[in-house]
Amino acid sequence: MHLVKKIEIIANSFELGKILESLDKSGVHGHVVIRNVAGKGLRGTTEDLDMTMLDNVYIMAFCMPEQIKPAIENLRPLLNKFGGTCYVSDVMEIRSVKCVASL
């Protein structure tokens, strides 16, 4: 096991290409995208789900701790301009040396 950083972004789907390009530019090449997400933010504001449910994406990416600063520096202007939210947390990655199917 080793420590990695998890980046979670919730943003409008129209900005997905720019966000993924920004992550890639930062050296964060792997990601997961979940489309059509809706929810309520920490600020307590709610939005009309009929208007927002199909417009938002959830992006999850992982990187080494030394990559997080450039990633955030590239993401912050996009999120400030187009909206969205980003969370960064410490997680442990477990690397498997044997395929479970071969056991």
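# Briefing: a chain of 103 residues

At 19% relative accessibility, K6 counts as buried (buried is under 20% relative accessible area, exposed over 50%, partly exposed in between, with a 1.4 Å probe and protein chains only). The model is a predicted one, in which local features need pLDDT of at least 70 and side-chain atom pairs count only at pLDDT 80 or more, while totals for chains, interfaces and linings use all residues. Residues are numbered from 1 along each chain as its sequence is written, and side-chain values use heavy atoms, with hydrogens and water left out.

**Overall layout**

- The chain holds 3 helices and 4 strands (DSSP runs numbered from the N terminus: helices are H or I with at least four residues, strands E with at least two).
- Along the sequence, these elements follow the pattern β-α-β-α-β-α-β.
- Of the 103 residues in the chain, 27% are buried.
- Among contacts between residues at least 6 apart in sequence, 80% join residues at least 24 apart (contact means heavy atoms within 4.5 Å).

- K5 is buried, with a relative accessible area of 18%.
- The side chains of K5 and D90 are joined by a polar contact of 2.5 Å (a pair of N or O atoms within 3.5 Å; within protein, one must be able to donate a hydrogen and the other to accept it, and residues adjacent in sequence count only if both atoms are side-chain atoms).
- Leaving aside neighbours within four places in sequence, K5 is in contact with A61, F62, C63, P65, I68, V88, S89 and D90.
- K6 and D90 are 84 residues apart in sequence, and their C-alpha atoms are 6.3 Å apart in space.

**Cysteines**

- A search of the whole structure finds 0 disulfides (a disulfide is a pair of cysteine sulfur atoms within 2.5 Å).
- C63 is in no disulfide, and the nearest cysteine sulfur, that of C86, is 10.0 Å away.
- C86 is likewise in no disulfide, its nearest cysteine sulfur being that of C63.
- C63 is buried, with a relative accessible area of 4%, whereas C86 is partly exposed at 25%.

**Surface**

- The accessible surface of the chain comes to about 7,300 Å², and 56% of that surface belongs to carbon and sulfur atoms (areas come from the Shrake-Rupley method with a 1.4 Å probe; for residues, only the protein chains shown count as cover).
- M1, L3, M92 and I94 make a nonpolar surface patch of about 470 Å².
- Patches are made of residues with over 30% relative accessible area and no salt bridge; like charges are joined within 9 Å, and nonpolar side chains (Val, Leu, Ile, Met, Phe, Trp, Tyr) within 5 Å.
- A salt bridge is a side-chain nitrogen of Lys or Arg within 4 Å of a carboxyl oxygen of Asp or Glu.
- M1 lies in the segment before strand 1, which covers residues 2-12, and M1 is exposed, with a relative accessible area of 72%.

**A backbone detail at N36**

- N36 has a positive phi of about 60°, although N36 is not a glycine.
- N36 lies in the loop between strand 2 (31-35) and helix 2 (49-52).
- At 45% relative accessibility, N36 counts as partly exposed.
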